[in-house]
Amino acid sequence: MSEKNEPSLWEGFKAFLMRGNVVDLAVAVVIGAAFTNIVNSVVKGVINPLVGAFGTKDLDHYSSCLKSPCKVDKSGEVVDGIPIMWGTVLSATLSFVITAAVVYFLMVLPMAKYLARQAARKAAKEGAQEVIEVSELEVLKEIRDALVAQRGSGHDERGRDER
């Protein structure tokens with residue numbers, strides 16, 4: 001039997017866990033969960049009461065009845081009828097929109113601007129490097145032309161007269 005050079009199951013798992021992407025993803029999930037709690041608290045603690053101030057009740061309690069009469073007890077259990085709880089859907093939609101806006105304006109947009117600046121700096125460095133290379137090439141061409149001109153005017157390589 002020949003030995004295989006394949007990594008063991010444990011080594012493969014360790015390599016997977018030690019990759020940067022996995023750690024970044026885990027951090028993003030944890031921060032996202034914590035951020036979701038904050039946004040849900042803002043919607044339930046600020047937005048829902050504001051909607052309730054203009055309407056007649058909290059946003060989560062707005063509903064329509066598909067089959068009358070609709071009765072829901074204090075715990076939220078349906079006693080009679082078929083209620084459609086559109087207020088809860090609206091509350092969840094507001095949570096999503098707020099989360100998306102905060103993520104975009106506080107994370108995605110600044111990161112995009114940062115990456116654009118990095119790309120511009122890199123392009124400027126490469127452009128400057130090209131200018132240096134072109135000017136070096138021009139200097140070398142001028143030296144070559146001067147040497148050719150010296151040889152053509154009757155001087156040897158050391159600049160002395162050959163006569």
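1. A salt bridge here is a side-chain nitrogen of Lys or Arg within 4 Å of a carboxyl oxygen of Asp or Glu. By that rule the structure holds 1 salt bridge. Arginine 144 and aspartate 145 form a salt bridge through their side chains, at 3.1 Å, N to O.

2. The model is predicted: local features need pLDDT of at least 70, side-chain atom pairs count only at pLDDT 80 or more, and totals for chains, interfaces and linings use all residues. Residues are numbered from 1 along each chain as its sequence is written, and side-chain values use heavy atoms, with hydrogens and water left out.

3. Exposure: buried is under 20% relative accessible area, exposed over 50%, partly exposed in between (1.4 Å probe, protein chains only). Arginine 144 counts as partly exposed because its relative accessibility is 48%. Aspartate 145 is also partly exposed, at 42%.

4. Trp10, Phe13, Phe16, Leu17 and Met18 make a nonpolar surface patch of about 580 Å². Patch members have over 30% relative accessible area and no salt bridge, with nonpolar side chains joined within 5 Å. Tryptophan 10 sits in helix α1 (residues 9-18); helices are DSSP runs of H or I, at least four residues. Tryptophan 10 counts as exposed because its relative accessibility is 57%.

5. The largest pocket has a volume of about 260 Å³. A pocket is an open set of points on a 1 Å grid where a 1.4 Å probe fits, with protein on both sides within 12 Å along at least five of seven lines; lining residues have an atom within 4 Å of a point.

6. The lining of the largest pocket has 14 residues, with His61, Ser63, Val72, Asp73 and Met85 nearest its centre. Strand β1 (residues 64-72) gives the most, 5 residues; strands are E runs of at least two. The lining divides into 5 nonpolar, 4 polar and 5 charged residues.

Conventions:
Points joined across faces, edges and corners; volume = space filled by probe spheres on them. Nonpolar A, V, L, I, M, F, W, Y, C, P; charged D, E, K, R; others polar. Patch = residues over 30% accessible without salt bridge, like charges linked within 9 Å, V, L, I, M, F, W, Y side chains within 5 Å. Areas by Shrake-Rupley, 256 points an atom, 1.4 Å probe, with all protein chains shown as cover.
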